[in-house]
Amino acid sequence: MDYDLQRLGTREFEHLTQSIAIKVFGSAVKVFGDGPDGGREATFRGAVDYPQPGTAGKWNGYGVIQAKFRSRPTTTSQDSNWFIGQIRAELELWKDKKSQRVKKGELPDYLLFTTNVYLSSIPEAGGIDKADAVIAEYANEIGLKGWDVWSGDQLNRYLGIFANIRRNYMGFITPGDVLAQIVDLLGGNAADLNESLALHAAKDLGASRWVRLNQAGSPTNDRLTLSDIGVDLPAVHNRRQKVPRMIEHIIDHGDQVLRPSSSTGGKHLVIVAGPGQGKTTLTQLLCQTYRVALLADRPTHTLGPAGTVFASTKERLAALEIQLPKCRRWPITIGLSEFGDAVAEKPDLDLLRFVAQQFNKRAGTDVTPWQLKSWLREWPWLLVLDGLDEVAHPTVRDDVDQRIQEFLTEAASVDADLLVVATTRPQGYNDEFSPEFFDHYVLRHLTSQEAMRYGHELAHVRHHDDPDHESVIVQRVDQAASDENTAYLMRTPLQITIMTLLLEQRAGVPPTRFRLFDSYYDTIYRREIAKPGVDADLLNEHKNDIDALHEKVALLLQANAERSGDAEAALPVTELEELAVRRMQDEGAAAEQAKKLASRIVDAATRRLVLLAPVIRDHVGYDVRSLQEFMAARAITTGPDSEVAQRLELLAPANHWRNTWLLAVGRVFADREHLRQDVVGILDSIDLNSELSRLVTPGALLAVDLLEDGVARRTPRFQRQIAKRALAALNYPPSSIHGFLAEQLIPTFEDSELLGMVRLELERAVNSTDWRLASSIVLLSRWQQTSNNMTAWARTQLRAAEEKLTASIDGAAAAAIKLLTAGAEWTISADPERLFELLGQEIKAAEDNTEHAILSFEFGSRLANISQSATKDGWLVSTIRGVLQDSTSPHQDALDLARLSEKLMIRDWPVAALLRDVARQWLSQQPVAIAVADLLEGT
């Protein structure tokens, strides 16, 4: 078979050359990594059994192997001329005694050139003989004893012989229609998958074409597709390394062999992003890109209706300048909320079996987990694990985490070429995806220019047939994105989409995030009423009832997600009907009339009722989770002042409710100003709920989130109170929280009173001898790199803090803080040896029953027993959290971890940060839906 070597690209062609060289020449070969190689992909030294077996035919000396890859081969003649030119250039460098490779290295006895181009074997006139002649010209001057050339033909022969190497590169080099050749390529169990895989890829391509925020409010009911408005998004790696285009970055990362046995290795990826930032849509477009690559050589007529989606998606990718992957990984997306519900129902369910279930549901086939495991062993995969943050129940979350670890272990056992891309919100995320195996990327907020560009695209897609109206919308989008008072509401794709839809009808823009969502709902409602039909009459006559049902459904779905097995945000239509009947009866409707009205509402919801829509069979829900959270926030802030304040206080510590809580506070600041001081007071009161709360101070973290949300931007008095409460985070050991706090405080420095308060708190921290000293360095290091009225002052304070800190802690802890200040939040971890040394001391103290013991003997012993497996496998944090979750007294044990953290000296800050974060995370995951029990009574 003639393999498609062109797909490899320069990097993987070099790796292929190295692999074949090792197979041909043996262990004498030494390979070199990516980057400047001094004219070498690999070398060997000593005797090798090449080119002829036996002593007389062996090369014996120092040999250099060089790979020459031509990205766009043309004709054999032109390719030969290019290759010969490449050879001559290399030989000139070897000939030049002044070249760096000669001065710093040694001249080779043997040279081997490899290339992906095909060379003619015609005597004298062919490329092979011409290349041989060129090398011979330089042989005496360089001192060559022997040389050879491996062109495309020779490499194909080697790939035919070396099955393991061929298997490693199958995703790149298989020519033509990949899925049609599975029987010939793979054999065994995987060979039976060819039709199933093709069917699955085509159906997934068609089903995944829609964006989530689509049909609602469109005058023509046109739904927006990824091929209309799909975009690549910018991210930041460890908060400093900019990644302008995340999809492009992932594809480049995936265009290498990622088998554990490969020298290149490579980590999986986690995309961390807040509500509405587009992480799910981004991975949706990523998978569509891989589906297009996988189906690219398949006859179009075999795709059915998906052929149109294939063509439009390919066209959109070209417009976005996204190159199709060279390595045609098989893409599959798993919603972790759905997987969590399945695990809660069947505790023995593993991830591979769930993938098989999802595969069969889509393709209508009966593929077994064993067949998929064969496919995993033989072919490269892209596995997207979407929405860890949607798995709210702590036990289920730990179970999901464990299943993912087990799957990765299973994949490694078959040397799988697997790339996992996971997504999560930052709230409640605690390194479930171990930094040892996952690189973390944070989607950054869009700039004003990026927001305008996206808004322009939306306006064009929706109104290209009305250029004048499109122009008006574009002008309004540009004005909103340029105004600092509204630009912060256009930082995510969801916000820009909503803002653009609003600007179709109005010139002014909402001033807060809550008002943005509220105006969107009102606009969509009015548009739905304007459409002809019986649904419009229903909406017009029963707006209060429809509003109440939207809020009740959202609140119910949000509360249900805290329960084991209910993370998937969908409500059975039978329950919706019960809610509707009860609402109508509460409003005084007779039983029969209530049933009729409820039936009409349910019937409308099965098509679309404003924001409620069918999500799965016989279930309704919200297309976008942020809209569900907005409606839940409206429910929470409806009722007497005392009840609203109590709900907000009870919900405040919970990560699962964080976005809902922030939106609810936004409504308070917008509509119930008399409650603003009570809400800000919650930041203090929630830290007094228990001793654990006092030690992990959730109020300070909540204050940081409020700063980021901008809820008090227009009320300096409250903004100062929130900022002061956020600065209490300085009492934490250094962590990523402090980098986030530093960024959120920067926009507040224009307030001179607030600036003075911040400087005073930081001066106190610098002059302290506790955690505040170490944590202040993280903030100051960020500020001294900015250009504002804090820069020079921060630089001076930073020098003083670093001098003082260096004298207080050991070199390793100081180096870790340096990494933290550089932005490497997800690379900092506690030294396991030091952690278990401290645990050993605690166990001894507990065993001796001394007054200094903090941890119980039982809990301390269980923690100590995880040391070997957890540190070896890189899952230390999640394993500790699992031990805590399985404890018979988790609250007490979480409290003891926080107490131990408090006890540690500043030199042990990495261990202290780990223990405190585990305790804080446990507290933030505790179900709090009881806070809205009065609103859910009877449901």
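Me: Which residue of β12 does V272 stand opposite?
Reply: In this predicted model, V272 faces V442 of β12.

Me: What makes β8 and β12 a pair of strands?
Reply: Pairing takes at least two bridges. Strand β8 (residues 268–272) and β12 have five bridges. That meets the cut-off, so they count as paired. Their sense is parallel.

Me: Does β6 run parallel or antiparallel to β12?
Reply: Strand β6 (residues 235–237) is antiparallel to β12, with three bridges joining them.

Me: Why is β12 called mostly covered?
Reply: A residue is buried when its relative accessible area is under 20%. In strand β12 (residues 438–443), five of six residues are buried.

Me: What makes β13 and β14 edge strands?
Reply: Start with the order, β13-β15-β14, in an open sheet of three strands with antiparallel pairing. β13 (571–572) and β14 (612–616) each have a single partner strand, so one side of each lacks a neighbour in the sheet.

Me: How do you know that β13 pairs with β15?
Reply: Count the bridges. β13 and strand β15 (residues 619–622) share two, in the antiparallel sense. The rule asks for at least two, so the pair qualifies. P572 stands opposite H619 of β15.

Me: Why does S626 count as buried?
Reply: The limit is under 20% relative accessible area. S626 has 2% relative accessibility, so it counts as buried. S626 belongs to helix α27 (residues 625–636).

Me: Which residues does S626 touch, beyond those up to four places away in sequence?
Reply: P275, G276, R425, L494, F517, N659 and L663. Here a touch means heavy atoms within 4.5 Å. N168 is 42 Å from S626, C-alpha to C-alpha, and 458 residues away in sequence.

Me: What makes α34 a mostly covered helix?
Reply: Eight of its ten residues are buried, in helix α34 (residues 736–745). They are I737, H738, G739, F740, L741, A742, Q744 and L745. The cover includes α32 (698–709), α33 (716–726) and α36 (771–783).

Me: How do α1 and α5 pack?
Reply: Helix α1 (residues 9–25) and helix α5 (residues 152–161) meet at an angle of about 60 degrees. Their axes are 11 Å apart. The crossing is left-handed.

Me: Which residues make that contact between α1 and α5?
Reply: From α1, F13, L16, I20 and V24. From α5, L155, Y158 and L159.

Me: Why are the residues of that contact classed as nonpolar?
Reply: Phe, Leu, Ile, Val and Tyr are among the residue types that count as nonpolar. By that scheme the contact of α1 with α5 has seven nonpolar residues, no polar ones and no charged ones.

Me: How do you know that the radius of gyration of the chain agrees with a compact globule?
Reply: Set the value against the rule. For 939 residues, a compact globule would have a radius near 30 Å; the chain has 31 Å, so the two agree. The C-alpha atoms fill a box of roughly 100 × 75 × 55 Å along the principal axes.

Me: What share of the residues in the chain is buried?
Reply: 59% of the 939 residues. The chain holds 45 helices and 15 strands. Among its contacts with a separation of 6 or more, 72% join residues 24 or more positions apart.

Notes. Residues are numbered from 1 along each chain as its sequence is written. This is a predicted model: local features need pLDDT of at least 70, side-chain atom pairs count only at pLDDT 80 or more; totals for chains, interfaces and linings use all residues. Side-chain values use heavy atoms; hydrogens and water are left out. Helices (H or I, at least four residues) and strands (E, at least two) are DSSP runs, numbered from the N terminus. Axes are lines fitted to C-alpha atoms, for helices over the stretch in contact, and angles run from 0 to 180 degrees between N-to-C directions. A crossing is left-handed if the near helix is turned anticlockwise from the far one by less than a right angle, and right-handed if clockwise. The radius of gyration is taken over C-alpha atoms; the globule rule is 2.2 Å times the number of residues to the power 0.38. Buried means under 20% relative accessible area, exposed over 50%, partly exposed in between (1.4 Å probe, protein chains only).
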